[in-house]
Amino acid sequence: SNDNNTGSSSSYESSASVTKGLVSSLTSLTNNIFGGTSKEPADTAALKSSLYTPPTSPEELLTRIQKEYTQNNYLWTGNLDTSSFVSNCTFTDPTLSFIGVDKYVQNVGNLVPIVEYALGEEQISNSTLLDITLEKDKGYIQTRWNMIGELNALFWKPKIDVIGRTKFWYRQGETNGNDNGAVQVYFYDEEWEIPAGLALLQLVTPAGTIRRSDEERVIS
């Protein structure tokens, strides 16, 4: 694992205001258009959360987070085990920052149909987990991942290929009798290894035009 950040990576703080404003506006527009018809994803997420009890150790939380990539392909599907997160968790990536699992469910419920359309018949997408580490003394689990998807329904055939890192900051809840207390994520902090503006340019350029990481040359 390489926990060093370089100046080339993009976080919410470092991303240009115009980039954050554009994504925020598009997300709000999508929510306003589809918000009235997206009850089913929210209900589905609530049901899923009720089917699972929260993890009770950092190690169990790590296993669940690992499955978000290896089984749920969550970077594309949004299929996240919400029982691993506190209800008022803060979600941050280089373009958006918001509070609440319900808000995450709303955003995902509205965006996933658009993503599925863009992927076309082949639905080629993957959330490849490159590395996962538990930093128990610091209180977070860090993943390094590669988000890959071929948007074949668009005539210029763009390909999303971004490498990033996510820190899942967790805390342990109150113990109650024999209950060890839930270990849940309170801050989801995602960074990309290229500037956010470049990552968004992958949407409007042919596949392979924009690099996926500024750090591979250092790591490899």
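Which residues form one aromatic cluster? In this predicted model, with residues numbered from 1 along each chain as its sequence is written, local features need pLDDT of at least 70, side-chain atom pairs count only at pLDDT 80 or more, and totals for chains, interfaces and linings use all residues. Side-chain values use heavy atoms, with hydrogens and water left out. The cluster is made up of F85, F91, F98, Y104, F168 and Y188.

A search of the whole structure finds eight aromatic pairs (rings of Phe, Tyr and Trp, the last by its six-membered ring, with centres within 6.5 Å; planes under 30 degrees apart count as stacked, over 60 as edge-to-face and the rest as tilted). One of them is the edge-to-face pair of Y69 and Y74, with 5.1 Å from centre to centre and 85° between the planes. Both Y69 and Y74 are buried (under 20% relative accessible area, with exposed over 50% and partly exposed in between; 1.4 Å probe, protein chains only).

A tilted pair is formed by F91 and Y188, at 5.6 Å centre to centre and 40° between the planes. This pair links distant parts of the chain, 97 residues apart: F91 lies in strand β1 (residues 85-92) and Y188 in strand β6 (residues 183-192). Helices (H or I, at least four residues) and strands (E, at least two) are DSSP runs, numbered from the N terminus. F91 has a relative accessible area of 4% and is therefore buried; Y188, at 7%, is buried too.

D81 counts as buried because its relative accessible area is 9%. The side chains of D81 and S83 are joined by a polar contact of 2.6 Å (a pair of N or O atoms within 3.5 Å; within protein, one must be able to donate a hydrogen and the other to accept it, and residues adjacent in sequence count only if both atoms are side-chain atoms).
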